[in-house]
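Reader: Please take me through one part of this structure closely. I would like the place where the chains meet, residue by residue where you can.

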2 protein chains.
Amino acid sequence: MKPRLRDDPDASTPGPAGWQAQKSASTRLQIVESALRCVVDLGYSCTTTTVIAEKAGLSRGAMLHHFPSKIDIVRAAVEHLHSKRLKAFRKAIDRLPRDETRVRRALEAYFEHVKHPMYVAFLELWIASRTDPELQAILKPAQEAFEREWYKTAVDLFPEWEGSGANFDIALDLVHYVMDGLAVSLLTHDIGEHERRMVGYLEERLRELASKPAAARP
Amino acid sequence: MKPRLRDDPDASTPGPAGWQAQKSASTRLQIVESALRCVVDLGYSCTTTTVIAEKAGLSRGAMLHHFPSKIDIVRAAVEHLHSKRLKAFRKAIDRLPRDETRVRRALEAYFEHVKHPMYVAFLELWIASRTDPELQAILKPAQEAFEREWYKTAVDLFPEWEGSGANFDIALDLVHYVMDGLAVSLLTHDIGEHERRMVGYLEERLRELASKPAAARP
DNA sequence: CCGGTTTCAATCATCTTTGACTTTTCCCGA
DNA sequence: TCGGGAAAAGTCAAAGATGATTGAAACCGG
């Protein structure tokens, strides 16, 4: 029913060592991605070990061999999610041209980021972590790392803003808050004119903040 | 253990009809508020009938007499929450002076609104409703009603903007998205300088949108 | 004072989720 | 070819949540 591991094209470790054990990392990846799919499709509270195993195409017992407990799956899933978010974001930013369209394109890259199902998973986990200390202990450091990376990326992308004082921080905050608000809206209704117009408006505000005389950073 | 219903000071119906049945509406209110408290304190997924009854000070059986099923409690809780949000919001708006400080004060009123635990409950339910059709069927109409009311309130508060074309809509969207983003941020960390600064920035943008030449409404 | 109705309490059966345990299958090297 | 060990599958009991049922207590009208 399930193809042999050796034939599994999902194997992402091209290393020469073809251990059987090493190959079973593919199974772990399947489990982790199944868990994230469950969070997106069913919500965090319905993400039970049973459905994760079902969607991953294994038995529960097999899964609990790789991850002794549910929290271990969650931990691995969060790390995987964080890594994917970061990689996708950096990739999108790295291919931006260094011309006039940078602002617009960076905004749209970030907008794509929050439209992605990955961000839905993140929001589900984020909300759940409010009342789940164990999850919070896992998610908070990952998110803080992401935001630091985001800040660094922004500085890297707009080096000329670095000296522009508080305007730069305000711009980042503005993008952050508006995008989060958009993400929450997009959870329940499809994208429409309001959302697109807001991205356009954001762009104008960013250009304005970039050109305005620098406000003193407190 | 529980005071007699007749002595219950929570009774909000000052009508002359002192029916026993009428008074038991107080018990229903207790249950509903307990449910909302549970959503805020424990999250929606941990809001079980058992803890609701516990926090309300009744037995589970007694509670299930008033609300035959859990979804009935949720329905009543959503309606109560919606009503409370609306009333609190209108009250905050109605006492705003009609002077220059309107914009700032309206913003702060809305900020207070999203800082309130009530809004945490709403967010929890909103996220949960993404993957819970039954909850969505209850929550979505309530939220749409709230947003319509919000729009009407805004028009009422800033009548001179009504003719200012798309700028008015953009201003409302902007406030909406930024405040939602702030609310998500405030879920997990306390309010700080970033949040306050953003409210200040929002105020500037609203004044700008109000004074700028009207953009054609599409 | 009494009977009926409403409110409250307690118990029960069912279902789901979880983690531990046991068994079977498969891969690799000797 | 065979045996060791990892991977996968299946089984089990404990805990928790839900809804239904039954029994007790309080209140009202007559």
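Author: Here is a close look at the interface, starting with its overall make-up and ending with single residues.

This is a predicted model: local features need pLDDT of at least 70, side-chain atom pairs count only at pLDDT 80 or more, and totals for chains, interfaces and linings use all residues. Residues are numbered from 1 along each chain as its sequence is written, chains are lettered from A and ligands numbered from 1 in the order in which they are written, and side-chain values use heavy atoms, with hydrogens and water left out.

Start with the totals. On chain A, 41 residues are in contact with 41 residues of chain B. Contact means heavy atoms within 4.5 Å. The two chains bury about 3600 Å² between them, and carbon and sulfur atoms give 61% of that. Buried area is the accessible area (1.4 Å probe) that two parts lose on being put together, summed over both.

Six salt bridges are counted between chain A and chain B. Each needs a side-chain nitrogen of Lys or Arg within 4 Å of a carboxyl oxygen of Asp or Glu. One salt bridge joins the side chains of A:Arg205 and B:Glu208, at 3.9 Å, N to O.

Which helices of chain A build its side? At least two residues each come from H2 (25-42), H7 (117-129), H8 (133-157), H9 (166-188) and H10 (193-211). Helices are DSSP runs (H or I, at least four residues), numbered from the N terminus. H9(A) gives the largest share, 15 residues. By class, this side of chain A has 18 nonpolar, 10 polar and 13 charged residues.

Take one residue from helix H7 of chain A: A:Glu124. A:Glu124 counts as buried because its relative accessibility is 7%. The cut-offs are under 20% for buried, over 50% for exposed and partly exposed in between (1.4 Å probe, protein chains only). Leaving out residues up to four places away in sequence, A:Glu124 touches A:Val39, A:Gly43 and A:Tyr44, along with B:Ile127 and B:Arg130. A polar atom of the A:Glu124 side chain lies 3.1 Å from the backbone nitrogen of A:Tyr44.

Conventions. Nonpolar A, V, L, I, M, F, W, Y, C, P; charged D, E, K, R; others polar. Polar contact = N/O pair within 3.5 Å; in protein donor to acceptor, adjacent residues only side chain to side chain.
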